[in-house]
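This report concerns a predicted model. Please consult the sequence and the structure shown here while reading.

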Amino acid sequence: MSLIKAENIKKDYQVGELIITALDRVSFEIEPASFVSFVGPSGSGKTTLLNLIGCLDKPTGGTLKVAGADVASLDRRERAAFRGTNIGFIFQDFNLIPVLTVYENIEYPLLMVQSVPAAERKKRVTALLEAVGMIDQKDKYPDQISGGQKQRVAVARALVTNPKLILADEPTANLDHKTAYMVIELMKKMRDEFKTTFIFSTHDQKIVGEAEIVYMLEDGELKGKEVKGGGGNG
Amino acid sequence: MGNLFKIAIRNLMRYKRRTILTASLVAIGMIFVLVFIAITGSFKNMMIGGITDSMLGHIQIHKKGYVASIDNSPLTLNLKPQAVAKIEQILQRMPDIKAYSPRIKFAGMFSNFTETTPIRLNGVYPEKEPKTVPLLLARIIEGEKRITKGEILIPELLAKGMKVKVGDSIVVIATNKDGSVNGKQLRVGGIMESATGPGGRDGYIHIEDAAEILRMDQMEISEIAMQLTDFGKLHTVENRLIHALSGQLNNQGKPIFEIHTWEKLSPFYHLSRMIDAMAFFVKLMLISIVLVSIMNVMVMAVYERIREIGTIAAIGTRPGKILSMFVIEGFSLAVFGALIGNGFGLAIIYILRQVKITFSFAMHTGLVLMPSIRVSEILTVSLIVVIVAVLGSLQPAFKASRMEPIKALRHV
């Protein structure tokens with residue numbers, strides 16, 4: 001069964017009296033444990049699509065099912081709960097909470113979203129800190145670590161709730177190439193270890209090469225799909 | 001909940017200068033209110049104490065209708081001995097009543113044999129009156145501090161005006177309830193300062209002298225004044241008395257007695273109400289300060305952290321929890337400000353007590369201001385600050401909780 005099934009999804013934005021179509025009749029399917037990338041130039045609709053998959057927004061038309069749930073039918077509260085259980089996010093700007101330490105940032109979703117008991121939280125956070133190589137930095141605050149380290153913390157935070165899906169919008173855009181590769185490798189390693197589906201958007205061709213399935217977007221339309229092996233199919 | 005507090009406090013510490021400034025504003029407001037309440041409360045208590053303990057007593061019982069015509073001191077509305085005995089029986093059974101004093105009050109003329117002036121006389125029992133109004137004898141500024149048969153205590157200004165001094169003989173003339181006039185020669189036993197100010201014309205004589213002047217066959221009483229063990233129970237005791245005396249009805253089935261607290265007998269009650277009203281407006285000012293400053297800080301906090309709100313909302317934090325985060329931040333800021341305000345406020349009150357500032361009230365001079373504040377007042381003011389801060393945080397917090405994560409994440 002597909003983790004994500006999109007059928008003719010459409011997303012329009014109204015700007016004044018003008019209606020802008022950000023996505024038009026986009027259809028695809030993504031299997032569990034895939035490592036997928038959406039590529040395309042700026043304004044092609046990558047972020048809009050990721051926002052729809054991430055239940056941050058609703059499609060204007062078509063059907064989008066994520067982990068069996070029809071995204072359009074969920075209300076605000078249900079979408080928050082759905083995201084907290086099923087989806088992890090990695091942001092371009094890392095978006096760590098500045099007043100929390102590395103450890104506390106990773107712990108945050110377990111504590112504030114899922115109310116996981118303390119012992120279980122400690123076990124999961126420590127395991128992920130070791131997995132992303134940040135155990136020795138756990139008591140530092142975000143402004144005391146590098147961009148690459150921040151993104152590793154963000155990966156750990158996204159994984160800590162054992163979500164079915166992790167969405168990363170331009171996760172390497174603010175990193176140098178070497179660090180960017182390391183982050184993508186880390187994401188792949190985490191996919192292998194936790195069997196979590198990773199979907200990321202990028203316009204960096206070198207990073208695109210790391211994805212197992214690549215969807216090409218242009219002007220809001222899906223222009224092609226490239227399967228490099230190892231992942232699911234759509 | 002503990003984690004919400006941890007995040008709130010760390011967010012407050014993130015903008016230390018702003019937090020300290022806002023907390024200082026709340027604290028200054030609180031200090032102002034606490035010191036104001038302590039000073040005015042002290043003044044009010046001294047004023048009330050001065051009036052009740054030197055003249056009125058805490059509660060008085062009269063015959064129904066007496067107070068309505070109290071300016072005329074109507075002798076026809078005096079209490080008969082049987083009625084007085086009934087009241088005394090009741091009062092003796094009430095542990096909240098520390099002392100009581102029956103009085104005969106009447107209007108008369110005061111003559112020094114060359115001049116005559118009106119006077120209002122209080123016939124009192126020498127042993128009962130000082131227990132009921134303990135400051136009475138302290139008001140005697142010349143002569144023996146006592147009430148003796150055959151003597152009269154007269155107000156200071158009357159003594160000056162009539163050019164009489166302690167030891168002089170004077171005559172008191174009064175009309176009794178039958179309309180006949182009688183007089184009695186008395187010796188000036190003491191000169192007293194007025195409890196109410198320059199206009200006071202109350203003189204004191206022995207109750208038996210009063211009965212003799214009024215040619216009473218039996219002791220008829222104008223009023224019974226009471227001193228309570230606890231002034232705070234004023235209205236409780238008043239209600240108990242009303243209940244205890246409610247069964248005493250006349251032939252028409254109407255109550256024989258009326259009970260009045262000092263509040264209904266003294267115009268100074270309105271002054272005390274004005275002090276209360278001023279304290280209320282000062283509290284309103286505090287509320288405004290807290291509301292505006294906390295709201296301002298929280299609006300700024302929400303605006304500055306839009307992307308953070310977007311992040312925590314995106315990763316699944318429920319709107320209610322986001323709302324709680326900001327409300328707790330406002331709450332913590334108010335508690336911080338309130339603690340500082342309480343600390344400094346109490347310190348200032350303590351210093352004022354040590355400094356012993358003096359002031360004058362009515363005819364009293366050199367009164368020492370001893371500001372004090374009840375724990376309940378401190379708690380009330382602190383609670384007001386915290387509640388107002390929470391209310392002030394609600395709007396920005398609500399805005400944060402309703403933010404669409406997608407829009408918040410796009411915010412630059």
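The sections below treat the basis of the model, the chain contact, a helix pair and a sheet.

## Basis

In this predicted model, local features need pLDDT of at least 70 and side-chain atom pairs count only at pLDDT 80 or more, while totals for chains, interfaces and linings use all residues. Residues are numbered from 1 along each chain as its sequence is written, and chains are lettered from A and ligands numbered from 1 in the order in which they are written.

## Contact between chains A and B

Chain B contributes 18 residues and chain A 17 residues to the contact (C-beta atoms, placed from the backbone, within 7 Å). On the chain B side, two or more residues each come from helix 1 (2–14), helix 10 (306–314), helix 11 (319–355) and helix 13 (405–410). Helices (H or I, at least four residues) and strands (E, at least two) are DSSP runs, numbered from the N terminus.

## Helices 1 and 11 of chain B

The axes of helix 1 and helix 11 of chain B come within 8 Å and cross at roughly 60°. Axes are lines fitted to C-alpha atoms, for helices over the stretch in contact, with angles from 0 to 180 degrees between N-to-C directions. Residues making this contact include B:Leu4, B:Phe5 and B:Ile7 of helix 1 and B:Met325, B:Ile328 and B:Glu329 of helix 11.

## Sheet of chain A

Six strands of chain A form an open sheet of mixed pairing, in the order 6-7-8-3-9-10; strands pair if DSSP finds at least two bridges between them. Strand 6 (87–90) and strand 10 (221–227) of chain A stand at the edges, each with a single partner strand, so one side of each lacks a neighbour in the sheet. The twist averages 20° from one strand to the next.

Strand 7 (residues 165–169) and strand 8 (residues 197–202) of chain A pair in the parallel sense over five bridges. A:Ile166 stands opposite A:Phe198 in strand 8 of chain A.

Notes
Contact = placed C-beta atoms within 7 Å.
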